[in-house]
Amino acid sequence: MFNRIPKYVASRQSLKLEWDGSSQLGPDVVASLRELRNQHENIHVIGSLDFVQTLFAERLFDRLNLWVYPILLGRGKKVFADGVVPTSLQLIEPVVASPKGAVMQRYALVEGTPGVGDMTEID
């Protein structure tokens, strides 16, 4: 199935894309993303935390699937390394844990700016 669906690559470099159905986004990535959102119902981002930061900053996502794995690897890229635009999210499905402890959380983007609070009253 993955070979049949369109694939889009965001890169600062000009690339030779050899995988069928692949195309590179234009230099204005934000405009390209807005256009893609009008063309496709579901878009998944795989493999680039830098690119995800752009999605967060421009609020170009509807849902965030956050996977947490029970391993510590030391240094590496962080999802929220330099902070993000304050964004409200709402848990839309029960949290799922694998037998080995990986946890998957699905959040939807919520309009408005988040407030502050604490975890003394957890729903």
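Leaving aside neighbours within four places in sequence, which residues is L36 in contact with? In this predicted model, L36 is in contact with Y8, L25 and I43 once those sequence neighbours are left aside, where contact means heavy atoms within 4.5 Å.

Residues are numbered from 1 along each chain as its sequence is written, and side-chain values use heavy atoms, with hydrogens and water left out. Because the model is predicted, local features need pLDDT of at least 70 and side-chain atom pairs count only at pLDDT 80 or more, whereas totals for chains, interfaces and linings use all residues.

The protein has two helices and six strands, taken as DSSP runs numbered from the N terminus (H or I of at least four residues for helices, E of at least two for strands). Read from the N terminus on, the order of these elements is β-β-α-α-β-β-β-β. The C-alpha atoms fill a box of roughly 50 × 35 × 30 Å along the principal axes, and of the contacts with a separation of 6 or more, 51% are accounted for by residues 24 or more positions apart.

Of the 123 residues, 15% count as buried, a class that means under 20% relative accessible area, with exposed over 50% and partly exposed in between (1.4 Å probe, protein chains only). The protein exposes about 10,100 Å², of which carbon and sulfur atoms supply 54%, the areas coming from the Shrake-Rupley method with a 1.4 Å probe.

L36 also belongs to the largest nonpolar core, whose seven residues are L25, V30, L33, L36, F51, L55 and L60; such a core is a set of buried Ala, Val, Leu, Ile, Met, Phe, Trp, Tyr and Cys residues joined through side-chain atoms within 4.5 Å. Helices α1 (29-39) and α2 (49-58) each supply at least two residues of this core, and α1 gives the most to it, with three residues. A second, separate core has five residues, including F56, F61, L64 and Y107.

Helix α1 is also the place of S32. Is S32 buried or exposed? Its relative accessibility is 18%, so S32 counts as buried, and, not counting residues up to four places away in sequence, S32 touches L25 and G26.

E93 lies in the loop between β4 (88-91) and β5 (96-97). With 32% relative accessibility, E93 counts as partly exposed. E93 and D82 are eleven residues apart in sequence, while their C-alpha atoms are 28 Å apart in space.
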